[in-house]
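Me: Hi! Could you walk me through a few spots in this protein?
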Amino acid sequence: GVGPNAVERVLRLEYQLRILARYHSRGLTVTTVMPDGPATRMTGLPGYETATLEPGDLITHVDGRAIHSREDYYVAMYLAGLRGGEVTVRVRDRNTGRFLDLTTIAEKVGGERKPHLPEHARPAAKVKAVLVADTNDTAIGAGATKNLSDMRAFVTGLPGFNPETDLVVLSGKDANADAVMRAVARLRTSENDALLCYVACHGAYDDRLAHGDPSGGHFFQLGKSLMRRSLFSSLQSRGAQLTVLISDTCNGSVYEPPRVNGTESDRPPIVSKALADLLIHHVGVVDVSGASRGQYGWYNSVTGGYFTSGMLSTLQATDASGTADWKTFLAQTSENVSKIYLTSKEAHLAKPGNGSAEDLKTRRQMSDQKDQRPQIFVLEIARVE
């Protein structure tokens with residue numbers, strides 16, 4: 001059973017209505033409703049087969065439980081998950097002021113969904129890419145530089161890719177939150193494009209900002225905090241048929257400020273049939289972090305981030321077949337990242353330390369972290385031929 005300590009144990013949202021909302025003592029005021037989510041498939045409105053929540057609606061109860069705090073909401077949604085996600089919410093309608101009891105099936109955070117496949121969907125005509133790397137950082141700058149060089153080589157090897165029109169690279173002093181959001185806002189994409197955004201920087205999560213956020217309040221530290229959901233929302237607003245956000249960042253609760261300088265070097269394009277297949281022959285949205293909640297995303301100054309290394313090695317291994325699907329690709333990447341981390345951890349801890357505060361800190365963090373695994377926040381994809 002759940003027991004009396006459920007509030008203490010349920011620390012993050014596990015089942016979702018796919019809404020963004022503002023919390024206050026009277027409940028949750030809806031601010032955004034995600035397309036084709038549970039909140040758009042509500043039943044129980046007299047005279048209507050289905051109904052949708054709207055911005056301004058107030059959720060006061062979930063399955064009869066009054067919502068006075070974030071913990072109340074998390075526990076109520078957790079209990080709904082134990083019943084397969086079926087949930088009834090009491091809503092004060094923004095237009096009439098009436099209270100309505102509406103039922104839907106909540107979705108597990110990080111679960112898979114197939115998007116609505118547009119009629120006459122075709123493989124992507126073009127791939128657009130935004131690559132962001134905090135190369136000016138004493139801790140991860142050299143590794144981020146290596147990752148940026150590798151990622152740039154892979155995307156420029158995509159079929160028909162034109163770096164002059166299809167690629168945006170933000171590194172060094174340009175890898176800052178404002179510049180990233182401006183660059184995304186200026187992107188010119190069509191409904192027949194695939195859009196890939198890769199971010200290598202420091203990151204963490206803020207549990208106070210977790211409500212309604214599939215990433216649990218994850219943010220990038222790029223000069224100032226950039227909420228992952230803000231970047232993901234901006235990317236989706238460009239209207240591409242496939243939107244992918246992949247980051248090589250920590251996902252811990254404590255952010256450590258950046259403290260350098262790597263220099264980006266160009267590499268010849270790398271032709272990857274697997275990457276082309278993932279981007280050109282799928283529609284929907286993908287949002288993946290290189291480390292799971294509570295984990296550091298580890299970097300090596302020579303080989304770069306463990307996640308990026310594992311992901312690119314998966315691409316190279318998959319190239320033999322020339323076809324790839326996101327679910328299998330991410331599962332294989334997870335295994336590769338874990339192997340890289342565990343091997344590196346064993347080698348690092350086996351070497352004698354130098355006694356410095358930084359070395360002792362690294363050893364303690366590696367000893368405490370049992371593994372490194374990517375975390376899927378959103379995977380809503382369908383294949384097109």
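Reply: Happy to. One term to begin with: contact means heavy atoms within 4.5 Å. This is a predicted model, where local features need pLDDT of at least 70, side-chain atom pairs count only at pLDDT 80 or more, and totals for chains, interfaces and linings use all residues. Residues are numbered from 1 along each chain as its sequence is written, and side-chain values use heavy atoms, with hydrogens and water left out.

Me: Great. Which residues is N147 in contact with, leaving aside its neighbours within four places in sequence?
Reply: Those are Y198, D248, Y299, T303, G304, G305 and T308.

Me: And where is N147?
Reply: N147 sits in helix α3, residues 141-156 (helices are DSSP runs of H or I, at least four residues, and strands are runs of E, at least two, numbered from the N terminus).

Me: Is N147 buried or exposed?
Reply: Buried, with a relative accessible area of 1%. Buried means under 20% relative accessible area, exposed over 50%, and partly exposed in between, using a 1.4 Å probe and protein chains only.

Me: New topic: what about phi of R18?
Reply: Phi of R18 is near 60°, a positive value in a residue other than glycine. R18 lies in the loop between β1 (15-16) and β2 (19-24), and R18 is buried at 12% relative accessible area.

Me: And what is phi of D63?
Reply: Phi of D63 is near 50°, again positive in a residue other than glycine. D63 belongs to the loop between β4 (58-62) and β5 (65-66), and D63 is partly exposed, at 35% relative accessibility.
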